[in-house]
Amino acid sequence: MKKRPTVGLALRGASSRSIFLVGFLEVLHEQQVPIDYIAAMSGSAIVAAAYACGTLNQLRELALGMNREVLWGILERSATKSGVYNLDKLEETLRTFTHNKKFEEVHPLMGFVAVDITKGEEVVLSMGDIAHAARITCTVPWIFEPVRWGNRTLVDGGIMSIIPGSVVQQAGIDLVIGVDLRNAKYIFGTTQIFMRRILNFFKSVFLLDRAGKLWEQFAEYMAGTDLFGQYWDAGDYSRGSDYPGKFAVLGRTMDLALAADKKYKHDKTFGCDLLVRPTIPHIPWWKRYLHLDLFDFSHTREMYELGRQTAAEYAPKIWQMMADHETRQAEAEASLKKIMETDNG
């Protein structure tokens with residue numbers, strides 16, 4: 001019996017635009033496009049979790065009714081200095097969609113991408129409690145406090161990963177379909193990254209602890225008087241601190257984003273065989289700068305419908321890719337068989 005090629009999705013974090021993925025996955029399911037693995041991060045991980053646990057319809061109803069009042073109801077102030085809010089209530093809400101299931105109990109298989117800011121490396125969460133893993137990968141630095149997990153300090157995988165196609169590849173999947181909905185390259189915008197580069201330049205030139213402390217004091221002052229101040233931090237991330245300050249976390253994660261940018265600068269496909277990049281509603285630069293696009297629900301219905309339309313457009317392409325893969329596989333097997341027969345002859 002001919003075995004079909006396996007298909008995986010590499011979903012970029014999309015914050016409030018993640019409802020696009022709800023519509024996208026609904027149509028793929030309706031058209032019986034097989035999905036064997038999903039790599040996701042941030043808001044896309046929530047959608048992937050609901051899809052794998054069979055509760056996508058319930059998530060759709062919540063997402064379509066989402067507004068700032070509902071959002072503030074599932075956020076609470078952090079008791080530490082590592083972030084403004086924590087995601088404890090969000091994790092509780094996620095359990096209504098995951099039913100406390102583990103990765104090992106659902107299909108498709110999944111991997112949620114996070115970043116260990118202590119070691120500066122990507123971590124793929126693919127075992128254990130789905131709701132807790134989704135909460136971890138939604139932890140946008142500075143806004144939400146990092147999550148301690150053993151000896152690791154984890155935040156949103158979007159710090160170092162653009163589209164997690166390599167995660168799908170490493171799972172042994174034949175065809176990788178990437179979906180990109182973000183305006184910026186990483187979580188941070190180009191202006192924020194530029195400011196961090198300037199700051200690092202001055203620190204490298206002056207090489208003075210005193211200068212670093214002055215910058216840190218200035219950042220704290222600006223944070224208390226101006227929303228823009230959060231991007232001027234010069235604090236250093238302390239590996240030994242139980243609760244590093246949110247400015248230190250922000251600085252550390254921005255440096256990791258800079259390092260990742262150098263590594264993936266010339267990568268255009270991110271390990272994907274097909275990359276879906278729909279045209280999304282315009283978001284003003286100042287909203288992106290202040291991360292207010294994370295909480296912008298003004299285009300919710302539009303994004304959902306766009307997700308359905310995009311999936312309807314791309315489903316035939318995915319089926320064709322599967323057919324082409326099967327043809328190539330059959331040709332390769334036929335060539336190998338011919339070579340073996342020639343050798344035996």
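Modeller: The structure holds four cavities of 30 Å³ or more. The model is a predicted one, in which local features need pLDDT of at least 70 and side-chain atom pairs count only at pLDDT 80 or more, while totals for chains, interfaces and linings use all residues. Residues are numbered from 1 along each chain as its sequence is written, and side-chain values use heavy atoms, with hydrogens and water left out.

Biologist: How is a cavity found, and what volume does the largest cavity have?

Modeller: Rolling a probe the size of a water molecule over the atoms shows where empty space is left. Here a cavity is a set of points, on a 1 Å grid over the protein atoms alone, where a 1.4 Å probe fits but cannot get out; lining residues have an atom within 4 Å of a point. Grid points are joined across faces, edges and corners, and a volume is the space filled by probe spheres set on the points. The largest cavity has a volume of about 570 Å³.

Biologist: Which residues lie nearest the centre of the largest cavity, and which helix gives the largest share of its lining?

Modeller: Of the 28 lining residues, Ser15, Gly43, Ile46, Met66 and Leu71 lie nearest the centre. Helices are DSSP runs (H or I, at least four residues), strands likewise (E, at least two), numbered from the N terminus. At least two lining residues come from each of α1 (19–30), α2 (43–53), α3 (56–64) and α5 (88–98). The largest share, four residues, is supplied by α5.

Biologist: How should I read a strand, and are the residues of β10 buried or exposed?

Modeller: In a regular strand the side chains alternate between the two faces of the sheet. Buried means under 20% relative accessible area, exposed over 50%, and partly exposed in between (1.4 Å probe, protein chains only). In β10 (residues 175–179), five of five residues are buried. Leu175, Ile177 and Val179 point one way from β10, and Val176 and Gly178 point the other way.

Biologist: Which strands pair with β10?

Modeller: Strands of a sheet pair through backbone hydrogen bonds, either parallel or antiparallel. Two strands count as paired if DSSP finds at least two bridges between them. Strand β1 (residues 7–11) pairs with β10 in the parallel sense over five bridges, and alanine 10 stands opposite glycine 178. Strand β11 (residues 274–276) runs parallel to β10 and is joined to it by three bridges; there, leucine 274 is the bridge partner of isoleucine 177.

Biologist: How are nonpolar cores read, and how many residues has the largest?

Modeller: In soluble globular proteins, nonpolar side chains tend to be buried together. A nonpolar core is a set of buried Ala, Val, Leu, Ile, Met, Phe, Trp, Tyr and Cys residues joined through side-chain atoms within 4.5 Å. The largest core has 76 residues, and Leu28, Ile38, Met110 and Phe112 have the most contacts inside it. A second, separate core of 13 residues includes Ile162, Val168, Ile173 and Val176.

Biologist: What proportion of the protein chain is buried?

Modeller: Buried residues make up 54% of its 345 residues.

Notes: 1 Å grid on protein atoms, 1.4 Å probe; cavity = no way out; pocket = protein on both sides within 12 Å on 5 of 7 lines; lining within 4 Å.
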